Amino acid sequence: NDPSHVAVAEVGGTLCSVKTAASGGCILTRFQLHKKIQSQDGFVYEAVERGWRQFEFLAGSPGSVLFFQNASNKLLFSSLVADPSCESPVFQVGTHSGCVSAVGCLVDGSMAASGAEDGSLKVWGLGNGTCLAASMRAHDKPVTAIAFTGALTVATGGADGWVRTWAV
């Protein structure tokens, strides 16, 4: 919620961050995410090149971002590293049976909710990555929007034209 900061997901899996400086200029930083892969010599990091569909920064944890990629059923997490020579590894929070289509986070960053194209909804505890609640039929069509309206209430919008609230 910083009006001097904007972030944009670029083609190829890069996050571009632009922040206005006190001097009136701008500071531009690009973050390339990496996945850890087993190789013959141990583990190596490989750049993630699939485009992002949506992302949310987590409050109280600078650089922490929750996101999902185009045509993917996985909800992912990374902590962005400002040094471009270092990797920003990606971790899987959880999955849906359909492709993820929306994500929202609780203001304090402790919980997230994700919806999918199959109409399902899941609520995640981000401290330990557990699924706290799930509805396989939250909507008859894809979930298109998610917002926490309180500590234990989630609102969802669907392509079916309905807005629904859920007690967590």
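Q: How much accessible area do L132, L152 and V168 have together?
A: In this predicted model, L132 lies in strand 12, residues 130–135. L132 counts as partly exposed because its relative accessibility is 45%. With L152 and V168, L132 forms a nonpolar patch on the surface, and the accessible area of the three together is about 250 Å².

Q: Which strand gives the most residues to the lining of the second largest pocket?
A: The second largest pocket has a volume of about 210 Å³. Its lining includes K35, E49, R50, L76, V90, F91 and Q92. Strand 7 (74–79) and strand 8 (88–95) each supply at least two lining residues. The most, 3 residues, come from strand 8.

Q: How many nonpolar, polar and charged residues are in the lining of the second largest pocket?
A: Among the lining residues are V48, S72, N73 and K74. By class, the lining has 4 nonpolar, 4 polar and 4 charged residues.

Q: What is the phi of A71?
A: A71 lies in the loop between strand 6 (64–69) and strand 7. A71 is exposed because its relative accessible area is 57%. Most residues other than glycine have a negative phi. A71 is not a glycine, yet its phi is positive, at about 55°.

Q: How far apart in space are C86 and Q32, C-alpha to C-alpha?
A: C86 is found in the loop between strand 7 and strand 8. With a relative accessible area of 36%, C86 is partly exposed. C86 and Q32 are 54 residues apart in sequence, and their C-alpha to C-alpha distance is 9.5 Å.

Q: Which residue forms a salt bridge with K35?
A: Side chains of opposite charge can pair when their charged atoms come close. K35 has its closest N and O atoms 3.8 Å from the partner, E46, in a salt bridge. The pair links distant parts of the chain, with K35 in strand 3 (residues 26–39) and its partner, 11 residues apart, in strand 4 (residues 42–47).

Q: Is D140 buried or exposed?
A: D140 forms a salt bridge with R137, the closest N and O atoms being 3.4 Å apart. R137 counts as exposed at 53% relative accessibility. The relative accessible area of D140 is 56%, so D140 is exposed.

Notes
Residues are numbered from 1 along each chain as its sequence is written. This is a predicted model: local features need pLDDT of at least 70, side-chain atom pairs count only at pLDDT 80 or more; totals for chains, interfaces and linings use all residues. Side-chain values use heavy atoms; hydrogens and water are left out. Patches are made of residues with over 30% relative accessible area and no salt bridge: like charges are joined within 9 Å, nonpolar side chains (Val, Leu, Ile, Met, Phe, Trp, Tyr) within 5 Å. Accessible areas come from the Shrake-Rupley method with a 1.4 Å probe; for residues, only the protein chains shown count as cover. A salt bridge is a side-chain nitrogen of Lys or Arg within 4 Å of a carboxyl oxygen of Asp or Glu. Helices (H or I, at least four residues) and strands (E, at least two) are DSSP runs, numbered from the N terminus. Buried means under 20% relative accessible area, exposed over 50%, partly exposed in between (1.4 Å probe, protein chains only). On a 1 Å grid over the protein atoms alone, a cavity is a set of points where a 1.4 Å probe fits but cannot get out, and a pocket is an open set with protein on both sides within 12 Å along at least five of seven lines; lining residues have an atom within 4 Å of a point. Grid points are joined across faces, edges and corners, and a volume is the space filled by probe spheres set on the points. Ala, Val, Leu, Ile, Met, Phe, Trp, Tyr, Cys and Pro count as nonpolar, Asp, Glu, Lys and Arg as charged, and the others, Gly among them, as polar.
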